Amino acid sequence: MCTAYELESTEQRRKSHMKYGILLCSNTLDNGAENNSGLFFTSVNQINKGGPDAIQDPNHRSKIAVLNLKAGKLSIVLSDYMSALKFFEHGISYLGEDRWTVHYDISVDLYDAAAEAASALEKFQAVKSYTDELVENAHSFDDSLHCKFWYYSWSVLIHV
């Protein structure tokens with residue numbers, strides 16, 4: 001016996017996850033995400049199951065990237081760095097290839113936060129990757145300073 005979900009195409013499933021995630025998230029944000037972080041995480045996870053291809057409007061993509069940034073930062077407050085890194089990675093995926101020209105500020109925030117989470121998880125290659133891309137695309141030294149801290153902290157630890 002198949003469920004209705006199993007009968008849907010992959011594309012329809014993704015659209016459903018996106019639709020329900022957005023509805024749940026808007027309700028959660030209206031009532032204060034801080035008061036119900038579990039519901040907020042559930043809503044952002046549903047949106048992420050939909051994936052970037054389920055959203056065509058670049059403005060909506062950037063808003064979802066910001067939701068992932070918020071969810072990742074809230075995960076760090078709860079000391080859940082693995083979830084935080086996943087949220088930051090999802091956020092980056094929503095920005096697309098033109099992220100450094102169209103969504104510069106949120107790209108800086110997401111790459112910096114991803115480097116911090118990867119550092120806490122002792123994922124040196126990920127720290128290096130996020131740092132390298134941020135440094136390569138930063139408009140100023142200050143934009144990459146925090147991210148460089150995570151990278152150089154790791155470099156010192158490895159060589160000690």
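Start with the largest pocket: select Ile 22, Cys 25, Ser 26, Leu 29, Ile 47, His 60, Lys 63, Ile 64 and Leu 67, which line it. A pocket here is an open set of points on a 1 Å grid over the protein atoms alone, where a 1.4 Å probe fits, with protein on both sides within 12 Å along at least five of seven lines; lining residues have an atom within 4 Å of a point. Keep in mind that this is a predicted model, with local features needing pLDDT of at least 70 and side-chain atom pairs pLDDT 80 or more, while totals for chains, interfaces and linings use all residues. Residues are numbered from 1 along each chain, and side-chain values use heavy atoms, without hydrogens or water.

Colour helix H2 (10-30) and helix H4 (58-77) next: each gives the pocket lining at least two residues. (Helices are DSSP runs, H or I, of at least four residues, numbered from the N terminus.)

Now jump to helix H3, residues 37-50. Which of its residues are buried? Phe 40, Phe 41, Ser 43, Val 44, Ile 47, Asn 48 and Gly 50 are, where buried means under 20% relative accessible area with a 1.4 Å probe, protein chains only. Just past H3, click Gly 51, which has a positive phi of about 80°.

Last stop: the largest nonpolar core, with 35 residues. Such a core joins buried Ala, Val, Leu, Ile, Met, Phe, Trp, Tyr and Cys residues through side-chain atoms within 4.5 Å. Phe 40, Val 44, Ile 47, Phe 88, Leu 110 and Tyr 130 have the most contacts inside it. Helix H7 (104-120) gives this core the most, 10 residues.

Notes
Expected span 1.5 Å × (residues − 1). Buried < 20%, exposed > 50% of the residue type's maximum accessible area, 1.4 Å probe, protein only.
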